[in-house]
Amino acid sequence: MQAFWEVSLLELKPVIGLEIHCQLLTKTKLFCSCPTDYVGREPNSIVCPVCLGLPGSLPVLNKEALKLALRTALALNCEILSKTRFHRKNYFYPDLPKAYQISQYDIPLGINGYLELNGKRIGIRRVHMEEDAGKLVHPTKTGRIEGAEYSLVDFNRCGVPLIEIVTEPDLSSPEEAKTFVMELRSLVQHIGVSDGNMEEGSLRCDANISISVNGKRGVKTEIKNMNSFRAIERALAYEIKRQTEIILSGGEVVQETRHWDDSKGITTSLRGKEEAHDYRYFPEPDLLPLIIDRELVEEIRRTMPELPKDRRERWKRDYGLGDYEVSVLSSSKALGDLFDACVREIGKPKEVSNWLQVEFLRIADECKLRIEESYFVIPYLKEVIELLEKGVVNNQVAKSVFEEAVKTRREPLDIVKAKGLEQVSDETAIRDIVKSVLSENQDAVQSYLSGKEKAFNFLLGQVMRATKGKANPSVVRKVLEEELKSLS
Amino acid sequence: MELCDMPAWKLKELIRKGDISPEDILDSVFERIEEVERDLNSYITILKEEAYNQAKEIKARLQKGEDLPLGGIPIAIKDILCTKGIETTCASKILKGFYPPYDATVVERVKRAGAIIIGKTNLDEFAMGSSTENSAFGPTRNPWDRERVPGGSSGGSAAAVAAGETILALGSDTGGSVRQPAAFCGIVGLKPTYGLVSRYGLIAYASSLDQIGPMTKDVRDCALLLQVIAGKDEKDSTSLKVDLPNYLEACRHHDLSGIKIGIPREYISESLDPSVAEVMENSKRVFEKLGATVKEISLPHTEYALPTYYIIAPAEASSNLARYDGVQYGLRVKGKSLRDMYLETRTKGFGDEVKRRIMIGTYVLSAGYYDAFYLKALKVRRLVKADFDEAFKEVDYILTPTSPTPAFKLGEKIEDPILMYLSDVFTVPVNLAGICAISINGGFSKENLPIGIQLIGRALDEFGLLKIASAFETETELQGCRPFGR
C-alpha cells in the first residue's frame with residue numbers, strides 16, 4: 001500500500017486506442033456475388049457455396065469493395081502500399097463457416113494516417129479489409145445465449161465486406177474517444193463507404209485502454225460490446241475509474257479482454273492473456289497478392305467526395321455560419337445534405353440553417369421523419385420564408401404554417417389563405433383591438449403606468465391573442481406604446 | 001481387346017464410325033466392374049443408372065451433330081471433387097452425407113464435353129496418403145497384384161483406369177497423388193502447372209500445392225482430357241489466363257532430336273529399388289534413341305523438399321480442414337457443449353493420418369513457431385524452385401523415377417508414416433515449384449509390377465511433356481499393357 005503523499009505525486013493519464021469496423025456499402029459480398037443487405041432478411045436466404053464456406057469453394061475479391069476501402073484509407077490520409085495481401089485468421093466459432101476469417105495482417109491496405117479532431121491529429125495505424133461473420137440466434141425470450149438449449153446460425157452476414165480502422169493510442173478521454181467515433185462515422189458517411197449505423201452493427205467499436213503513470217505506459221485492457229456512442233463514453237469512464245483504483249491501491253492491472261455490460265454499467269473479464277486466441281495467421285493461398293494500381297489510387301483521390309471538415313469550412317467561409325450552427329448541421333451527413341440542397345434551392349443560408357435546426361428538426365423528431373426522405377420540405381420552406389419576407393405572415397404564424405405544411409403536405413400559401421392567417425398590419429384595425437384590450441385589463445394598465453415594464457409584454461400578448469396571432473407585432477408594439485402614452 | 005480396356009480416343013473413333021454406341025462402352029465397363037470391383041474397391045460411389053441416362057442424352061447430342069470432345073466416354077471422378085447432388089466424401093467419415101449443391105469446375109467441363117460420370121473413386125482420406133489405405137471405405141487394391149497397394153492418394157482412380165473399370169479418370173495431386181498411383185498401376189498421370197486447371201470444387205487439402213490432373217490409359221487420352229479441363233476459371237483466383245495449345249498435336253511428333261533431358265543425380269541413390277534403377281537406365285536409352293541428349297544434372301536442395309512439404313501442406317490443411325466442425329454439414333456428434341461437439345465430431349470423424357497432419361500444421365503455424373517452421377519452409381520452397389529454374393537453363397526436361405519402388409504390399413508402410421512419406425520423395429518437389437510433370441509406364445519389375453518414370457517440364461510446358469511422353473510411349477509400346485482382359 002502506498003502512502004497518500006506518494007500517490008498524490010502520481011500523474012495518471014488515460015491512454016486510449018480504438019479498433020473500428022465499418023461495413024462497406026457494396027451491393028455484393030467481399031468474395032462472392034451474394035447481396036449484402038441482410039437486415040430483416042429470412043435467415044440463410046442470401047448465401048452461396050462461397051460465403052457458406054462449403055468444401056471446395058474459393059473466394060474471388062470484389063473490386064468494388066477494394067475501391068471503397070481505398071477511398072476510406074485515402075480519406076484518413078493513409079499511405080497506400082503498392083502490394084498488399086490477405087491472411088487467414090483461424091478460430092473456431094459456429095458463425096464462422098470456414099473456421100477462418102479472410103483478413104489482412106502484415107501488409108494492410110493503408111498505414112500511418114490520421115484524422116483531425118478539433119485541431120488534434122489522431123493517428124491511424126492501419127486500415128484493412130476483411131469479411132464479416134454470420135450471427136448466432138438464441139431461441140430465448142431475451143435473445144441472449146444464457147438459458148438457451150440450442151442456438152441457430154444465420155449465415156446471411158457471412159462475407160459482408162468490412163474495413164477495420166485501428167488508431168494509435170492517441171485518445172486521452174472517454175469524451176474524446178466518443179467524439180472520434182462520431183467524426184469517423186461522419187467521414188465514412190460523407191464519402192459514401194458505409195452507413196455507419198451503430199444500432200444495426202454496421203459500425204462497431206472496440207477499445208484498448210491503459211493508464212499511464214508519470215508518463216510510463218500501463219497495462220492495457222481491451223473493451224468489447226460497446227454498441228452506442230453513449231456506451232463508448234460510459235464504458236471507458238468506468239474502465240478508467242477501475243484501473244485508477246487498482247493503481248492507487250498499489251495493485252496491478254491485468255492484461256485481458258473485458259466485456260461492457262450496458263445495463264449494469266460495468267466491465268467484466270471475458271478472457272485473460274493466457275486464454276487469448278492464437279489465430280495462427282498465414283497468407284491466404286486461395287487469393288493472389290494484390291497489386292494496387294497507382295492509377296486507380298489517383299482516380300479515387302481525384303473523385304473523393306467532400307470530406308466533413310471541408311464541408312464545415314465551406315459553410316463557415318461561404319455562408320458565414322458560426323461554430324455552433326455548423327456543429328448541429330454536421331451532426332449527421334443526412335442533415336448536412338438536406339441543408340446544402342435547401343441552400344441550392346432557396347439561397348439565404350443563415351435563415352435556412354435556422355429553420356432546419358430549430359423548426360425542421362423538432363417536427364422531424366415529432367413525426368419520426370427520416371431526414372433522407374424529407375426533401376419534400378424544401379419548396380414549403382422556400383415559400384414560408386418568402387411569405388415571411390413579404391410580410392404576408394408574421395414569424396409565429398410562419399412557424400405554425402411550416403409545421404402544418406410538413407405534416408399535411410399542403411402548400412403553405414393554401415394554408416394561410418384557407419385559415420385567413422395573413423398578417424394584419426392595418427393600424428386602425430389594430431388600434432381598435434388595442435383599445436378594447438386596454439379597457440379590459442385595467443389592472444395591467446395601472447401597473448404599467450406605475451412603472452412595472454413587464455406589464456407591457458402581458459398587454460402585447462393579449463393583443464396578439466385577440467388577433468389570433470395574425471397581427472404584425474411591430475405595428476402592435478407601436479400602437480400599444482402610443483395608446484399607453486396617451487393614458488399617462 | 002475389350003472396349004473397357006481401350007483408350008478414349010480409339011472409342012471416339014468407333015463411336016464416330018457408328019461401330020459402337022456409348023451404351024456399349026458402359027456395358028463393357030460395368031461388366032468389368034461387376035467382375036473386379038469386389039476385390040479392388042476402386043469406387044466409393046457407382047452411378048450405373050445415372051450413367052445410362054447420361055448415355056442416352058449424349059447419344060442424342062451426338063446425333064444432332066454436336067462436337068463433343070469426350071462424347072460418350074465414361075469418366076471416374078476422385079471423390080474429392082464436388083459433384084452436384086452426388087455424395088462427396090473425401091473418403092472421410094466426417095463428410096458422410098455431404099451432397100454438394102454444385103459441380104466442381106472440372107466436373108462441369110467434362111460433363112459439357114460429353115463425358116459420362118460413372119462413379120466417385122476411392123482415395124486416402126482428404127488425399128492424405130500414398131497408398132489409399134487411409135480410407136474410411138477400406139483400401140483399394142492394385143489390379144496388377146491384389147496384395148499390393150495402388151498408390152495414393154488417387155489410388156481408386158488409378159486402379160479403375162488400369163483395370164478397365166473406367167476409361168478416363170480425374171485425380172488430384174498435392175505431392176504426387178496423381179503421378180505415384182499412376183506409376184503403381186501402369187497408367188498415365190499428369191500434374192499440370194499450378195493454376196492451369198481450376199481448383200474450384202476440389203475439396204482443399206493444401207491449397208498452394210493442389211492441382212487436378214488427368215489419369216488415363218495412354219498419353220493421347222491425357223492430352224484429350226487436359227484440353228477439356230485446362231484454362232482460366234473466374235471462380236478460382238489462382239487460375240491462370242493462358243492461350244491453350246492443341247495438346248493432341250503434341251502426340252503427333254516423335255522426333256526428339258535437339259531436346260535435352262537431365263537426370264538429377266540426387267534422385268539416383270543406392271536406396272533406389274534395383275528394378276526402378278533398371279527402368280531408368282532403359283528409359284535413358286530409349287530417349288537417346290529418339291534423338292534426345294540425356295545428361296546428368298543437379299537439384300541440390302532435393303533432400304529438403306520432403307520436410308518442407310510436410311510443413312507447408314499440413315499448415316494449409318490444418319486451416320482448410322477446420323471447417324469440418326459438425327455445424328453445417330457432414331458428421332455431427334452431439335456434445336454437452338459447443339466445445340464438446342467440436343471435439344467429439346472431429347475425434348470420431350477424422351482418421352489418424354488426417355489428425356496427425358492437422359496437429360503438425362497447427363503446431364507449425366502457432367505463435368512462436370511460425371518463423372522457425374512455416375516461414376523457413378516458405379524460404380526453402382523458393383530454393384527448391386530455384387533449383388528447377390537453374391536446371392531448365394541447361395536442359396528442357398528432367399527425367400526421374402516417379403517413386404523409389406514399385407507398388408508395395410498392403411500394410412507394409414502404414415505403421416511408419418516417414419517410410420510412407422518417402423514414397424513421394426521424387427514427386428513432391430514439382431508441387432513445391434508449381435511446375436508440371438507426367439508419369440508414364442517405363443517398364444515392369446520381375447514380379448510384373450509396372451514402374452513409372454516421371455518427366456518434369458517448365459511451367460506451362462504441358463505440350464512439351466506430352467510430346468516426349470508420347471514419343472516414348474510409341475517407341476516402347478508399354479502403355480498398351482493391361483492387367484486384365486488380354
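I took two strands as paired if DSSP finds at least two bridges between them. The model I examined is a predicted one.

**Entry 1, one bridge.** I looked up the bridge partner of Ser172(B) in strand 6 of chain B and found Ile212(B). I then turned to the strands concerned: strand 4 (residues 168-173) and strand 6 (residues 211-216) of chain B run antiparallel and are joined by 5 bridges.

**Entry 2, the sheet.** I traced the strand order in chain B as 1-3-2-4-6-5-10-11-9-7-8, an open sheet of 11 strands with mixed pairing. At its edges I noted strand 1 (43-46) and strand 8 (293-297) of chain B, each of which pairs on one side only. On average, neighbouring strands of this sheet are turned by 30 degrees against each other, direction ignored.

I followed helix 8 (residues 274-289) of chain B, which lies across strands 7, 8, 9, 10 and 11 of that chain. Relative to strand 11 (450-457) of chain B, helix 8 runs at about 55 degrees.

I recorded 15 helices and 11 strands in chain B. Its C-alpha trace spans about 65 × 55 × 45 Å along the principal axes. The radius of gyration of chain B is 21 Å, which agrees with a compact globule, because 486 residues would give a value near 23 Å. Of the 486 residues in chain B, 61% are buried. Among contacts in chain B with a separation of 6 or more, 76% link residues 24 or more positions apart.

I noted 26 residues from chain A and 33 residues from chain B in the contact. The chain A side comprises 18 nonpolar, 3 polar and 5 charged residues.

Conventions. Residues numbered from 1 in each chain as written. Chains lettered and ligands numbered in written order. Predicted model: local features only at pLDDT ≥ 70, side-chain atom pairs only at ≥ 80, totals over all residues. Contact = placed C-beta atoms within 7 Å. Nonpolar A, V, L, I, M, F, W, Y, C, P; charged D, E, K, R; others polar. Helix = DSSP H or I, 4+ residues; strand = E, 2+ residues; numbered from the N terminus. Rg over C-alpha atoms; globule rule 2.2 N^0.38 Å. Buried ≥ 20, exposed ≤ 12 C-beta atoms within 10 Å, placed from the backbone. Axes fitted to C-alpha atoms, helices over the stretch in contact; angles between N-to-C directions.
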